[in-house]
Amino acid sequence: MAVKNKVIIFDTTLRDGEQSPGMSMNLKEKIEMAKQLERLGVDVLEAGFAISSPGDFQSVKTVAGTVKDCTVASLARADKKDIDAAWEAVKGAADPRIHLFIATSSLHMQYKLKMKPDEVLEQAAAMTKYAKKYTPNVQFSAEDSTRSDMDFLAKVVAAVIEAGATTVNLPDTVGYTTPDEHYQFFREIHKRVPALKTVVASAHCHNDLGLAVANSLAAVRGGARQAECTVNGIGERAGNAALEEIAMSLHVRKNYYSVECGVRTTEIVRSSNLLSRITGVKVQPNKAIVGENAFAHEAGIHQHGMMENAETYEIMTPASVGLKESNLVLGKHSGKHAFGERVRLLGYTLTEQEMSEAFKRFKEVADRKKQVYDKDIEAIVAKEQVQVPRTYALDSFVINSGNAITATGVVKLVRDGRLIEKVARGDGPIDAAFKAIGKIIGRPLVLDDYQLDSLSEGKDALGDARVVIKNEAGRLYSGRGLSTDVIEASIKAYINAVNKMYYEEKDGGER
Ligand code: MN
């Protein structure tokens with residue numbers, strides 16, 4: 001039984017978030033993210049949809065065996081095979097949960113499920129009972145609940161509670177509802193199904209109208225005690241409710257909501273940054289809580305007020321979300337001990353092998369860049385932690401380009417100890433380099449996206465390149481590369497994407 005004044009944070013970054021375009025993560029990346037979510041203090045971690053692919057099954061299973069401080073859930077359709085697979089994947093967790101769902105709106109029942117309402121009702125109850133055979137911790141979701149007939153929905157909710165569901169989730173699957181309506185909806189379902197008070201009611205809101213967080217908070221006011229959300233609000237279409245916004249709303253407006261929330265808010269920025277680094281997708285600068293400008297005060301009148309008293313324009317401190325000033329900490333004379341100390345202070349635990357690799361990289365960076373900031377160190381370390389085996393490694397490159405010549409690139413890569421060199425001409429230096437790498441790989445890969453940013457400020461900032469490639473099967477793989485030389489950063493990013501592709505292909509594949 002849940003503590004009734006606590007809102008359970010159910011994170012679905014690795015499931016609803018991960019299944020959205022451009023957000024796919026490989027096994028190593030999911031584990032790294034899961035460990036960070038554990039540090040962040042989420043209560044439930046939905047690790048994936050076990051039956052959807054062998055890769056998903058494997059990652060749910062591995063995450064279940066890795067995290068200890070949160071419940072680990074796998075999604076399943078209301079179907080025996082799905083539930084069997086979900087249980088097989090999560091049973092090794094310290095606290096496993098099966099999360100089954102079936103749609104309850106007439107639209108979904110008629111066109112997607114091709115089932116009559118009575119059949120859906122029966123299936124929902126029967127499959128909840130079936131899942132209960134495996135574990136007492138069973139969550140039922142009524143997909144598209146906000147567009148379902150209230151009389152029918154109430155019947156389903158009562159039936160699954162009767163069958164043993166301990167959490168009942170009522171998703172706004174298509175992001176259709178509004179805050180007032182969602183509040184009423186939760187009040188109404190509680191009124192119609194008194195037994196709902198004996199279990200945990202849950203909200204799962206999508207952001208199609210930009211209302212996901214507002215709707216989730218309205219649901220809490222209406223009696224929901226679990227909020228489903230994702231870091232940075234990633235997810236299908238316009239995304240899910242953003243975890244950091246829900247957590248900070250409950251924190252900053254604690255007096256208003258009068259509920260507890262177990263999120264360690266000081267881990268928010270690190271969680272957001274890690275996800276951006278893994279997926280290569282940054283949040284917009286004005287994104288609430290974690291955007292680059294969320295705590296920036298440009299206007300003079302604001303700055304003046306801030307200097308007198310920070311509360312004039314600040315409802316929460318940067319430190320409360322884990323935002324630290326980018327301090328100048330290390331340089332090229334800093335030794336392994338100082339580096340290791342800083343890494344630990346930033347909250348990372350590395351194996352000895354990872355530490356020496358990270359230190360090597362740090363030296364490379366420090367050699368070219370006088371001042372190494374925390375941001376640089378975090379990028380170096382985070383990259384080290386999610387490194388996949390290197391099928392290809394960069395040996396060297398020479399690029400010749402200018403506005404009066406056709407760019408040419410000579411790239412040498414190492415594979416299995418063998419040096420492979422190719423030359424290519426291209427439309428500019430990056431194109432020439434990528435074409436040369438393409439010749440070495442010898443597969444018809446398509447460059448789907450390419451971005452280049454600077455990681456910190458100043459003219460010696462690290463170039464942070466992101467490359468997305470598409471393989472023959474149409475699968476996307478993103479890679480990142482860091483260097484003070486932007487061409488080198490780009491080449492490294494391309495090779496990183498290629499290595500991830502080989503890693504995932506060997507691994508049985510992700511979705
Ligand atoms: Mn969803």
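How many residues lie between β16 and β17 in their hairpin? Five, and in that turn G474 has a positive phi of about 85 degrees.

Hi everyone, a quick word on what we are looking at. This is a predicted model, where local features need pLDDT of at least 70, side-chain atom pairs count only at pLDDT 80 or more, and totals for chains, interfaces and linings use all residues. Residues are numbered from 1 along each chain as its sequence is written, and side-chain values use heavy atoms, with hydrogens and water left out. Helices (H or I, at least four residues) and strands (E, at least two) are DSSP runs, numbered from the N terminus.

Strand β16, residues 463–470, pairs with β17 in the antiparallel sense over eight bridges; two strands pair if DSSP finds at least two bridges between them. V467 has G479 in β17 as its bridge partner. Strand β17 itself, residues 476–483, is mostly covered, with seven of its eight residues buried (under 20% relative accessible area, 1.4 Å probe, protein chains only).

Now the metal. The manganese ion is coordinated by D16 through OD and by H204 and H206 through NE2, at 2.0 to 2.3 Å. Donors here are N, O and S atoms within 2.8 Å of the metal (3.2 Å for Na, K and Ca), and water is not among the atoms, so sites may look incomplete. Along the chain, the donors follow the spacing D-x187-H-x1-H. Both H204 and H206 are buried.

Next, a pair of helices. Helix α3 (residues 54–66) and helix α4 (residues 80–90) pack at an angle of about 40 degrees, their axes 7 Å apart. Axes are lines fitted to C-alpha atoms, for helices over the stretch in contact, and angles run from 0 to 180 degrees between N-to-C directions. On the α3 side we find F57, V60, K61 and A64, which meet A85, E88, A89 and V90 in α4; contact means heavy atoms within 4.5 Å.

Last stop: an open sheet of three strands, in the order β12-β13-β14, with antiparallel pairing. β12 (393–400) and β14 (418–426) stand at the edges with a single partner strand each, so one side of each has no neighbour in the sheet. β13, residues 407–415, pairs with β14 over nine bridges, and T408 stands opposite R425 in β14. Helix α17, residues 429–441, lies across β12, β13 and β14, at about 135 degrees to β14.

Definitions and conventions
Buried < 20%, exposed > 50% of the residue type's maximum accessible area, 1.4 Å probe, protein only.
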